[in-house]
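Reader: I am new to this structure. Please show me how to read its features, one at a time.

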Amino acid sequence: HKALQLLRGAAYNGYVPAQLHLGQKYKNGIDMPRNETEANVWFRKAADMGNAEAQFSLGEYFALAPTGHGDLAQGLRWLRMAARQNHAEAAALLDKLTNTEVASEEQQAA
């Protein structure tokens with residue numbers, strides 16, 4: 001528990017790598033119960049400071065969340081931020097989602 005206390009302290013003090021790591025722990029349920037809401041709080045703090053991995057995590061969450069919980073526009077915004085920093089996974093997911101979105105719009109127009 002001491003390591004987790006130190007991690008939390010660093011995250012609360014604004015240390016971006018600690019914020020990202022704490023978000024990942026909440027997201028994956030490592031050393032604590034899984035909690036997507038709390039994960040996103042920490043990802044958002046790190047993402048706002050320009051952390052590409054945190055931006056990707058938020059983008060992925062919002063773009064791929066189950067119906068009723070997602071926000072595709074917000075997800076795409078975070079993914080674009082991460083992709084601009086050469087985050088390969090963000091760029092790939094962004095490409096997949098935008099191609100799917102275009103295909104869906106074309107299908108609806110037909």
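Author: Start with the backbone just after H1: Gly-14 there has a positive phi of about 90 degrees. Helices here are DSSP runs (H or I, at least four residues), numbered from the N terminus. This is a predicted model, where local features need pLDDT of at least 70, side-chain atom pairs count only at pLDDT 80 or more, and totals for chains, interfaces and linings use all residues. Residues are numbered from 1 along each chain as its sequence is written, and side-chain values use heavy atoms, leaving out hydrogens and water.

Reader: Which residues of H1 are buried?

Author: An α-helix has 3.6 residues a turn, so residues three or four places apart point the same way. In H1 (residues 2-12), Leu-4, Leu-7 and Ala-11 are buried (under 20% relative accessible area, 1.4 Å probe, protein chains only; exposed means over 50%). They span an arc of only 60 degrees around the axis, which puts them on the same side of H1. The arc is taken from the directions from the helix axis to the C-beta atoms. The face turned away from the buried side carries exposed Lys-2, Gln-5, Leu-6 and Tyr-12.

Reader: What do the buried residues of H1 pack against?

Author: They pack against helix H2 (16-28) and helix H3 (36-48). Contact means heavy atoms within 4.5 Å.

Reader: How does H1 meet H2?

Author: Two packed helices are described by the angle between their axes and the distance between the axes. The axes of H1 and H2 come within 8 Å and cross at roughly 125 degrees.

Conventions
Helices (H or I, at least four residues) and strands (E, at least two) are DSSP runs, numbered from the N terminus. Axes are lines fitted to C-alpha atoms, for helices over the stretch in contact, and angles run from 0 to 180 degrees between N-to-C directions.
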